[in-house]
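This report describes selected features of one model, moving from a single residue to the sheets and helices. The structure is shown below for reference.

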Amino acid sequence: MVSSSAYPGTLQSKTYYRSVYIAFDPHPSYKGASTHIHQMCEVLAAAHPPLLLLTLKGNEPGLTTEQIHQVSFESEEQNVLKRASDFRHWVKEILDHQYNLAVGHFRDIWGGMALLQFPHIRTVYEVNGVPSIELPYRFPFISRETLDKIERMEEYCWQRAVAVVTPSQTTRKYLQRRGCPDEKVIVIPNGAIIPADLPQMPGLPEKYLVYIGALQPWQGFDVLLKSLRYTQDLPVSLVVCSSYTKHQTRPYRKFAEKLEVADRVLWLYQLDKHNLNSVIQHALSSVAPLTECSRNIEQGCAPLKILESMACSTPVIASQLPVVEEIIEHHVDGLLFRAGRPAELARAMRIAVDYPDRTAQLGERARKKIQQHFTWQHSHGILKDVYDSISTFSF
């Protein structure tokens with residue numbers, strides 16, 4: 001049995017869970033993945049209670065309710081692949097002592113490789129991204145041999161899972177090209193909650209655009225900073241709501257200084273949802289300058305920050321990529337520009353600033369689209385149908 005010192009929080013004594021959700025992600029956290037985990041767990045816990053939630057340790061206490069109990073893995077291992085392997089063995093050891101599990105949901109191959117060793121558990125593989133594509137962006141010198149092994153693990157997981165769910169059509173097509181059986185893949189769009197109207201946070205500029213989230217290379221934040229050089233005459237600032245800490249953003253703050261635009265950028269760090277919604281609501285526009293790379297084009301993604309901005313009636317200026325066009329219609333409920341082109345992004349920003357009435361109309365249409373097509377309630381309904389269907393699956 002895994003010792004209680006291996007992780008914060010212990011399993012409730014004599015509790016045998018009916019379902020398990022496994023994620024090699026920190027939860028709770030300030031990242032969109034944490035929101036997604038919370039939403040998926042609500043559905044699984046309602047369908048097959050009680051639910052055991054196994055994640056990496058987040059920045060707040062874990063989730064424990066009447067139907068959900070979270071146990072978190074904590075490791076000081078610096079090598080991400082070794083840490084992932086340790087997580088896999090930790091999950092396996094916990095599951096070895098759970099005898100009533102009927103349904104298992106995993107969002108990464110590390111948890112999946114552990115869960116799939118229990119063939120009596122009906123499984124859902126949630127594919128938001130695949131490590132064989134994402135890891136080379138973080139670790140450019142990762143070997144081809146290692147990536148080949150990871151690809152085989154990915155294929156093993158979607159071949160053995162009963163169902164595969166993904167948030168975008170782009171990712172669905174990618175999985176099909178990789179050989180994932182078409183009949184297994186169900187698209188469940190990400191959702192957003194329409195927030196109440198909130199007062200503006202003190203200390204913000206009178207007019208500003210907002211950038212939300214992390215700063216990985218595929219997010220295109222450097223393109224956004226470069227675009228500010230083309231809008232020096234506009235009376236508008238950029239507010240960055242970073243999910244990173246101040247220390248982690250230092251390279252980008254230095255880059256802004258080099259571009260001589262640092263005086264137009266206000267940095268906010270790891271805001272809670274209430275304050276984040278307040279910042280978004282009072283922005284002229286939100287900006288999502290995703291890059292044209294394999295991570296966004298081939299594999300696909302489904303940025304929550306786009307949906308959450310639209311839910312706040314704040315139109316989004318975003319890169320014209322297939323995954324974005326699944327959500328935004330150009331000049332109808334947002335503005336699109338060719339990815340990686342700071343001058344084109346600057347022109348779109350100028351439109352948002354120079355035509356505020358038109359920009360507000362785009363925001364209202366964006367909010368209506370969320371209400372009609374991208375609520376979490378809509379996504380919950382599809383996921384519940386998946387759980388119902390695999391519950392009647394015959395081995």
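Which polar contact joins the side chains of Ser286 and Ser309? In this predicted model, the two side chains are joined by a polar contact of 3.0 Å.

## Ser286 and its surroundings

Ser286 belongs to strand S11, which spans residues 285-288. With a relative accessible area of 3%, Ser286 counts as buried, because the cut-off for a buried residue is under 20%. Beyond residues up to four places away in sequence, Ser286 touches Val210, Ile212, Ser309, Thr314, Pro315, Val316 and Ile317.

Strand S11 is covered on both faces. Ser285 and Val287 lie on one side, Ser286 and Ala288 on the other, and all of these residues are buried.

Two strands pair with S11. Strand S8 (208-213) pairs with S11 in the parallel sense over 2 bridges, and Leu209 stands opposite Ser285 of S11. Strand S12 (residues 316-319) also runs parallel to S11, and 3 bridges join these two strands. Val287 has Ile317 of S12 as its bridge partner.

## The seven-stranded sheet

An open sheet of 7 strands is arranged in the order S3-S2-S1-S4-S5-S6-S7, and its pairing is parallel. The edges are formed by strand S3 (68-73) and S7; each has a single partner strand, so one side of each is left without a neighbour in the sheet. On average, neighbouring strands of this sheet are turned by 20 degrees against each other, direction ignored.

Strand S2 (residues 51-57) is joined to S3 by 6 bridges, and the two strands run parallel. Thr55 has Ser72 in S3 as its bridge partner. Helix H1 (residues 32-47) lies across strand S1 (19-27), S2, S3, strand S4 (103-106) and strand S5 (122-126). The direction of H1 is at about 170 degrees to S1.

The axes of helix H11 (residues 304-311) and helix H14 (residues 356-373) come within 7 Å and cross at roughly 110 degrees. This angle makes H11 roughly perpendicular to H14. On the H11 side the contact is made by Leu307, Met310 and Ala311, and on the H14 side by Gly363, Ala366, Arg367, Lys369 and Ile370. These contact residues divide into 5 nonpolar, 1 polar and 2 charged.

Helix H9 (residues 273-281) has Leu276, Asn277, Ser278, Val279, Ile280 and Gln281 as its buried residues. The elements that cover them include S8, strand S9 (237-242), strand S10 (265-269) and H11.

## Asp197, an exposed loop residue

Asp197 is located in the loop between strand S7 (185-187) and strand S8 (208-213). Its relative accessibility is 68%, and it counts as exposed because the cut-off for that class is over 50%. Leaving aside neighbours within four places in sequence, Asp197 is in contact with Gln281 and Arg367. Gln281 is one of the buried residues of H9, and Arg367 is one of the H14 residues that make the contact with H11.

The C-alpha atoms of Asp197 and Ile297 are separated by 35 Å, and these residues are 100 residues apart along the chain.

Conventions. Residues numbered from 1 in each chain as written. Predicted model: local features only at pLDDT ≥ 70, side-chain atom pairs only at ≥ 80, totals over all residues. Heavy atoms only, no water. Helix = DSSP H or I, 4+ residues; strand = E, 2+ residues; numbered from the N terminus. Buried < 20%, exposed > 50% of the residue type's maximum accessible area, 1.4 Å probe, protein only. Contact = heavy atoms within 4.5 Å. Axes fitted to C-alpha atoms, helices over the stretch in contact; angles between N-to-C directions. Parallel < 35°, antiparallel > 145°, perpendicular 65-115°, else oblique. Nonpolar A, V, L, I, M, F, W, Y, C, P; charged D, E, K, R; others polar. Pairing = 2+ DSSP bridges. Polar contact = N/O pair within 3.5 Å; in protein donor to acceptor, adjacent residues only side chain to side chain.
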